[in-house]
Amino acid sequence: MKNVIVSSTIILFVLLSNCASSSDREFPKSFGIDVSHHNGNINWGQVPDVEFVYIKATEGATYVDPMFRQNIKGAKAKKLRVGAYHYFRTTSSVQKQFENYKQHVKKSDIDLIPMVDVEECKKWPTTQFQDSLIRFIQLVKSHYGKAPMIYSVNTFYNRYCAPRFNNYHLMIGRYGDEEPFIKGRGTYTIWQKSQTGRLAGIAKNVDINVFRKDKSINDISLGR
């Protein structure tokens, strides 16, 4: 057991060192992660006490992440603050995508507001994409009581979403030392600043997410 604890501490120190920017050597006091089946079979008992975890639940109208139920069970047994996300497809109806998410993500499963992952706009013009995303957000808010957070990488968000969605909570992927830049009025809530974090209990690289300095876990709490 002592060897496991020492190893976890070393891995965590290396991770936090990599997250620090070249201009600011202060390590983040806390951070969260997001995971899916791409992260493999996670040993949640060995995962450090991260501040939160978002777990992939569904995608499109029919897909369910094969590790979702196992990851939810493991993260909650670890007493982590848990959220669940849906990967939004432009090849499926909004209603069917929402029904897929609702069927597999119970209110009792999550502590944090839902999250919708938007990274593609293949078949719809931008206006249709935005209108469809608004409809999905409305359906989620009506059922879960709060609007979902939007995840996207910085370039995609500014091209297809900003500034119409700037008032929602945003998790923005931008890797390196430069913070996300949001076009128009508004800012991000969470910065996904690395795709290559290494943590005990997770054999593969994991995304590392940190709150903007004026935001906290309270901002994304689902409440009851």
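Let's start with one cysteine: C121 counts as buried, at 16% relative accessibility. Buried here means under 20% relative accessible area, with exposed over 50% and partly exposed in between, using a 1.4 Å probe and protein chains only. Its sulfur is 8.6 Å from the closest cysteine sulfur, in C161, and that is too far for a bond. A disulfide needs a pair of cysteine sulfur atoms within 2.5 Å. C161 is in no disulfide either, and this residue is buried too, with a relative accessible area of 0%. A search of the whole structure finds zero disulfides.

A quick word on where this comes from. This is a predicted model, in which local features need pLDDT of at least 70 and side-chain atom pairs count only at pLDDT 80 or more, while totals for chains, interfaces and linings use all residues. Residues are numbered from 1 along each chain as its sequence is written, and side-chain values use heavy atoms, with hydrogens and water left out.

Now the overall layout. The protein chain has five helices and nine strands; these are DSSP runs numbered from the N terminus, helices being H or I with at least four residues and strands E with at least two. Along the sequence, the pattern reads α-β-β-β-α-β-α-β-α-β-α-β-β-β. The chain has 224 residues, and 52% of them count as buried. If we take contacts (heavy atoms within 4.5 Å) between residues at least 6 apart in sequence, 63% join residues at least 24 apart.

So what sits inside? In soluble globular proteins, nonpolar side chains tend to be buried together. A nonpolar core, for us, is a set of buried Ala, Val, Leu, Ile, Met, Phe, Trp, Tyr and Cys residues joined through side-chain atoms within 4.5 Å. The largest one here holds 66 residues, and I33, V53, Y54, V118, F129 and I220 touch the most other members. Helix α4, residues 126-144, gives this core its largest share, eight residues. Have a look at F129: leaving aside neighbours within four places in sequence, this residue is in contact with F88, T90, V118, E120, C121, W124, F156, Y160 and C161. Both of our cysteines are in that list.

Next, which strand holds G32? G32 is in strand β1, residues 32-35, and is buried at 0% relative accessibility. G32 and V210 are 178 residues apart in sequence, yet 6.3 Å apart in space, C-alpha to C-alpha. Not counting residues up to four places away in sequence, G32 touches F52, D207, I208 and N209.

Just after α2, K79 takes a positive phi of about 65°.

Last stop: the second largest pocket, with a volume of about 390 Å³. It is lined by 20 residues, and D34, S36, Y85, Q195 and D207 lie nearest its centre. Among the elements that give two or more residues to the lining are β1, β4 (82-87) and β8 (190-199). Which element gives the largest share of that lining? That is β9, with three residues.

Terms used
On a 1 Å grid over the protein atoms alone, a cavity is a set of points where a 1.4 Å probe fits but cannot get out, and a pocket is an open set with protein on both sides within 12 Å along at least five of seven lines; lining residues have an atom within 4 Å of a point. Grid points are joined across faces, edges and corners, and a volume is the space filled by probe spheres set on the points.
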